[in-house]
Amino acid sequence: MSNAQRRGFLAAVTLATALVVAGSPAASATATPKIKVSDGVTQPVFSYEDAIREHVRVESTVDSDSDGKKDLIRVDIIRPKESDSGLKVPVIMHESPTFDEPGAGYENEHKKYDANGNATKFPLYYDNYFVPRGYAFVSVDMIGTRLSDGCPTSYGAPDVLGGKAVIDWLNGRATAYDDKGDPVKATWTTGRTGMIGHSYEGALGVGVAGTGVEGLETIVPLASYTNGYEASRMNGTISWFKGVQEFMAKRFDTDPDEKCAAVHQRLQEGEDDATGNYNAFWDERNYRTGPISKARNIHASVFGVYGMQDRAAVGSQFAQWWAMLPRNVQRKAWVTQYGHLDPFWARREVWLTTLNKWFDHELMGVSNDIMREPRVDVQLGPNRWISQADWPAKARTTTLRPQQDGSLGRKPSTGTGSYLDTAQTEIAMADNPATTNPDRLAFLTPPLKDAMRLSGTPSVSLRLKLDKPTANLGVLLVDYGTDTRINYRERTATSAEGLKFIGGEDCVGQSTADDDGCYLKAGDNTATSGVHVVTRGIMDAQNHKSLSRQTPLTPGKSYQITWKMLPLDYEFKAGHRLGLVLTGANDDFNLDETGHGTGDDAEPGTGAKVTVDLAGTSISLPLVTGK
């Protein structure tokens, strides 16, 4: 393995300026460069090596470590040198908690600094690619991490408000200081800012946008969270290991633990591992409808990328938030079959071209065709993409019902079936569906005569009885049929999230000795199999009435329990069979400390016997094409 590979693909886990249109006379060697646009995108006419590198500390509105002082947020800046002589530039902002541990991006990059404390190495490619095109790039240490004051709060209000303060400073509404303590103003910028980031970083953009802050013009969240509860819980079940909120805060903060001990204690108590319930702690971390950040407050445009097989930022993180965005919010999305993925690794050339157009349109005011393109790109399989007007695609609801003979049809059946709530992997649950298994019930359609595409959020309804006060109610939607698909499950030294290294590197944008902007090439990682879990859902039965409180079931009493599964966009091919598997605790939801694998203490099975009345049991599917 090369040195570049050893950098760690497998870490745990986004105007009003003078535009020179292409075709105008070339600038002389002594002329001051101006922003140049050709074919609807800005061109790299500014020197990355000669760019101004500086740093400030922005005063936030919070005191997260309770030391009696407002937390100062470290901001590392790189901008064209011409922005010191009259050129006003927009800003691309990348805020991250990971610049210390484990490092940013799939290659675990860290910042480097010169003798004056200015960054000479900015993790990721945004600076290399966009500064030469006339953007400033600001790299923000999230509150409580790297060189910022305070304590990280695992998606809490301080995390959001620290980033908001930086947007405020860029627009003249907050104060920043240099190393001498003297105030510094961002006189070089138009104030128009776009935030971009993957995972936690993307969540920060979502959270800041949900405050309605002026000057944040667009966000580009990549596999990001929009609701902290769904990052650790699934309908009352625990989907990450216990204590994950405190673990994250400690992992990202390299200061001595005692500095933030009180915060860590509040995180441990607030997440309430004993019940898995939704509470005020989780409401603060809800960027859809919470008290700090709300989807309805967003006026920034949105370009989001989400994987339907993402186990960390599950599909509902995208689907529910997307549906809540105000109708006048300009938006674009890629919906993929990958896992927890930054699209830079999947579709690099298309991604860079699209992102360039997006930022140019939203931050520079460039007239290009980005908003005339179809709103959504959907990946249906390896190297198979389609475009459509929105997501989900227009669909009709089709209801399928389990039959006594093990088939899956349209008409209600009679009879019952039962299984035990035990913790199993999805492969074990779905494999050999015709074989009797005491820990699951499996039902299959006949072979499909035509291809069938589903797009949206299925729901499942079970009429059941338990012999205990609760059980984990699990459900899988499975494609039975041999095909070559994105292998989102495999995780090795050279593959993860549905991608694998294919050899070589791409160098993106301009480089310096400290910051080469070069990254390993990756392509689809595929596998041929006869069984593929398409989507899933799980529910703690005692949370069937409310996620905020538990209502234990009376053993032997019949209940009708209905809930939504995770969204999907998937095509079942002709000749394949669609399978419904009813089961208990899902070990694949029990993520470990890396955000993958199986956690040892997350959600064991209860051992309860679940008796299902087939006449009252069904799955409703959003069907786009097929029968």
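## Exercises on a predicted model

Tryptophan 322 has a relative accessibility of 4% and therefore counts as buried (under 20% relative accessible area; exposed is over 50%, partly exposed in between, with a 1.4 Å probe and protein chains only). The model is predicted, so local features need pLDDT of at least 70 and side-chain atom pairs pLDDT 80 or more, whereas totals for chains, interfaces and linings use all residues. Residues are numbered from 1 along each chain as its sequence is written, and side-chain values use heavy atoms, without hydrogens and water.

**Exercise 1.** Determine which residues surround tryptophan 322.

*Solution.* Step 1: locate the residue, which lies in helix α9 (residues 315-324); helices (H or I, at least four residues) and strands (E, at least two) are DSSP runs numbered from the N terminus.
Step 1: list its contacts (heavy atoms within 4.5 Å). Leaving out residues up to four places away in sequence, tryptophan 322 touches Val302, Arg331, Lys332, Ala333, Arg375, Val376, Asp390 and Trp391.
Step 2: inspect the side chain, which reaches the backbone oxygen of tryptophan 391 at 3.2 Å.

**Exercise 2.** Give the strand order of the twelve-stranded open sheet and identify its edges.

*Solution.* Step 1: the order is β11-β10-β4-β5-β9-β6-β12-β13-β16-β17-β18-β19, with mixed pairing; two strands pair if DSSP finds at least two bridges between them.
Step 1: β11 (183-184) and β19 (384-388) each have a single partner strand, so one side of each lacks a neighbour in the sheet.
Step 2: within the sheet, β5 (residues 72-79) and β9 (residues 136-141) run antiparallel and are joined by four bridges. Isoleucine 78 stands opposite phenylalanine 137 in β9.

**Exercise 3.** Identify the residues of the largest nonpolar core that touch the most other members.

*Solution.* Step 1: a nonpolar core is a set of buried Ala, Val, Leu, Ile, Met, Phe, Trp, Tyr and Cys residues joined through side-chain atoms within 4.5 Å.
Step 1: of 108 residues, Tyr125, Trp188, Trp345, Trp351 and Phe359 touch the most other members.
Step 2: α10 supplies the largest share of this core, seven residues.
Step 3: a second, separate core of 37 residues includes Leu408, Val534, Leu614 and Leu623.

Technical notes:
Polar contact = N/O pair within 3.5 Å; in protein donor to acceptor, adjacent residues only side chain to side chain.
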